[in-house]
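I opened my notebook to look at how the parts of this structure meet. My entries follow.

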Amino acid sequence: MDATFKVQRYDPESQEGSHYEEFEVDLPEYGSVLEGLLDIRDHQDGSLSLRCSCRSAICGSCSMKINGESRLACKAMVSDIKETEGDIITVEPMGNMPVIKDLVVNMDMFWEKVEKIEPYLQPTGPEPEKEYLVSNDEMMKLAVAMNCIMCGACVSDCTVLEVDKTFLGPAALAKAFRFAADPRDGAQEERLESYNEPTGVWDCTRCFMCVQACPKDVAPMERIMDIRSMVVENEIDKKGRGQRHIQGFIDGVKHSGRLDEFGLARKTFGFPIWAFELADLGIRRILRLRLPPIIHKSIKSAKNVKKIFENLGV
Amino acid sequence: MRYAFWPGCVSKAGTPELFPAATAVANKIGMDLVELDQANCTGAGVLGERNEELVDTLNARNFAMAEQMGLDTILTICSTCQGVMSSVNYKLREKPEYLAKINENLKEEGLEYKGTVRVTHMMWAVVEELGLDKLSEMVVNPLTGLRIAPFYGCYILRPRYVLGMDEHPDRTQYLEKIIAALGAEPIDYEGKLRCCGFPIMTINQDNGLKMVANHTLEAKDKGAHALVTPCPLCHLNLDEFQPRAASKAGESIDMPVLHLPQLIGSALGFNVKEMGLKRHIISTDNFVEIAGIS
Ligand code: FES
């Protein structure tokens with residue numbers, strides 16, 4: 001099977017700067033993008049730099065952008081890509097991390113963030129005589145997050161990290177869930193308090209990029225939402241804006257069946273700050289005659305909706 | 001074709017120009033919309049942070065109402081509603097025992113979701129059910145000379161497995177195709193598949209505004225006359241917050257942002273008032289002039 005690879009090249013020791021080079025390769029029917037790149041390195045240009053080891057989607061070394069999306073090169077089949085995405089396979093280094101050379105990025109920032117969430121169990125109380133016992137159900141919940149192979153694909157595609165490098169990011173926060181939700185851990189409250197801080201779980205914009213990128217179905221964003229739920233359930237910082245936003249949203253839908261935008265703004269920002277926060281927006285809206293209905297209308301069956309909330313204890 | 005229509009909360013409140021524009025266009029292209037007027041908010045991803053069962057129940061309630069009306073497809077004009085509905089529907093249809101549990105929550109109101117509903121967005125329906133050829137034929141005012149930047153928004157792109165992308169892999173290119181069918185030129189830029197930043201505006205506005213500035217400035221750099229989006233929340237952020245984003249970035253942007261039905265309607269002969277083009281925060285005058293809309 002023939003394929004054209006368009007590879008982003010960068011050599012810090014050359015004057016040329018970052019640029020693309022095209023290579024033609026001939027691969028076996030089930031060849032992966034990684035095999036294509038290794039073929040290029042072995043037979044066309046020995047200076048091409050990339051990371052890989054297991055070649056079986058286990059070690060997490062070979063993450064890179066393939067046609068703009070971060071994936072494991074060893075798991076991405078050239079034939080599949082050619083079929084659905086077209087003939088040219090564009091390969092670039094991961095995003096959100098500085099490039100060292102060609103397809104190799106500096107992952108220090110990735111590891112620093114993982115370290116920050118204290119990725120180890122911190123048990124309290126006396127040690128049990130034998131092992132710590134965890135129920136099957138509880139372990140299954142953690143297992144999803146434990147599947148992470150630290151490849152960096154989620155961090156590479158994170159839209160918040162693109163604008164703010166201080167965000168803890170999807171990989172570290174998925175790992176944070178794995179420890180905060182572990183019944184053997186004794187530091188749950190301190191963990192939740194720290195993940196609740198700015199740069200933590202509330203900075204996620206729920207764009208699903210990491211869910212899409214993760215090759216192991218960890219769905220980091222869903223784990224971030226799990227931590228948000230834990231923060232709410234454990235009543236950590238009830239006055240935080242994130243929680244007030246959820247509560248304001250609930251109040252509107254519970255009582256009227258629909259989102260109450262004014263009420264939501266009032267409750268999230270608190271009185272009278274909301275009026276100042278929204279003043280310039282309000283003035284512009286008035287000038288454009290674009291006022292939403294000032295009086296929020298309920299749907300006729302609103303009481304049935306309210307009943308659903310009440311029956312579920314919300 | 002007949003659809004159970006869910007306009008979403010924002011199309012009647014935060015972006016009040018969207019509802020009339022969308023219904024006028026639907027009417028013109030032969031989409032028969034029966035509004036689900038007793039349906040509830042889908043939760044927009046926010047309610048799920050508190051209680052997933054609640055969100056699944058609320059959405060099942062809406063699906064059950066569509067079934068009761070004898071309709072098998074819910075059409076929405078909000079990408080966010082579409083995203084929540086598609087993922088809840090995927091879950092309920094995959095797990096019959098869970099659906100039974102959710103139906104218990106609906107019993108009191110006498111509703112039951114049988115799992116037969118399909119969720120679609122107007123953007124998908126235009127391409128898949130009306131067809132681009134048909135759409136082109138209906139154009140009376142081709143948008144020649146206009147360069148339009150597509151902006152999809154997250155929930156109509158990801159996660160792919162709940163959005164029917166296996167069956168329709170080109171759903172990631174429908175905006176470009178519609179833009180071209182209307183006679184305009186779609187422009188390619190990095191921001192088109194990214195996040196508008198709306199969900200974090202109450203928590204980290206700085207980051208949200210940076211996203212707004214990045215995407216609108218990039219589109220401007222590439223020569224776009226306007227952005228078009230199928231998501232009213234993206235519209236809120238990219239249009240309403242653009243002046244703040246511009247002053248924060250220290251640059252003037254002035255990039256008009258259109259709802260998808262407004263762009264379609266502009267080519268189908270509707271006028272400025274019918275499409276609500278004067279009601280945006282960022283002026284659409286330049287677009288209106290080049291498009292030659294009355
Ligand atoms: S080489 Fe190990 S994951 Fe790809």
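**Entry 1: the two domains of chain B.** I looked up the distance between the centres of domain 1 of chain B and domain 2 of chain B, and it is 24 Å, taken over C-alpha atoms. Domain 1 covers 2-121 and domain 2 covers 140-291; these bounds come from an automatic or database domain assignment. The model is predicted, so I note that local features need pLDDT of at least 70, that side-chain atom pairs count only at pLDDT 80 or more, and that totals for chains, interfaces and linings use all residues. Residues are numbered from 1 along each chain as its sequence is written, chains are lettered from A and ligands numbered from 1 in the order written, and side-chain values use heavy atoms, without hydrogens and water.

Entry 2: I found 22 residues of domain 1 of chain B and 24 residues of domain 2 of chain B in the contact (heavy atoms within 4.5 Å). The two domains bury about 2000 Å² between them, 73% of it on carbon and sulfur atoms. Buried area is the accessible area (1.4 Å probe) that two parts lose on being put together, summed over both. B:E17, B:V25 and B:S79 supply 26% of the area on the domain 1 side, more than any other three residues.

Helix 1 (18-28) and helix 3 (79-94) each give two or more residues to the domain 1 side. Helix 3 gives the most, with seven residues. Helices here are DSSP runs (H or I, at least four residues), numbered from the N terminus.

**Entry 3: helix 5 of chain B.** Is this helix mostly covered or mostly open? Helix 5 (residues 122-130) is mostly covered, with seven of its nine residues buried (under 20% relative accessible area, 1.4 Å probe, protein chains only). Among the buried residues are B:W124 and B:L130. B:G131 follows the helix, and its phi is positive, near 100 degrees.

**Entry 4: chain B against chain A.** Here 64 residues of chain B are in contact with 57 residues of chain A. The chains bury about 5500 Å² between them, 55% of it on carbon and sulfur atoms. B:E49, B:R50 and B:T202 supply 14% of the area that chain B buries, more than any other three residues.

I counted five salt bridges between the chains. In a salt bridge, the side chains of B:R194 and A:E162 meet at 2.8 Å, N to O.

Definitions and conventions:
Buried means under 20% relative accessible area, exposed over 50%, partly exposed in between (1.4 Å probe, protein chains only). A salt bridge is a side-chain nitrogen of Lys or Arg within 4 Å of a carboxyl oxygen of Asp or Glu.
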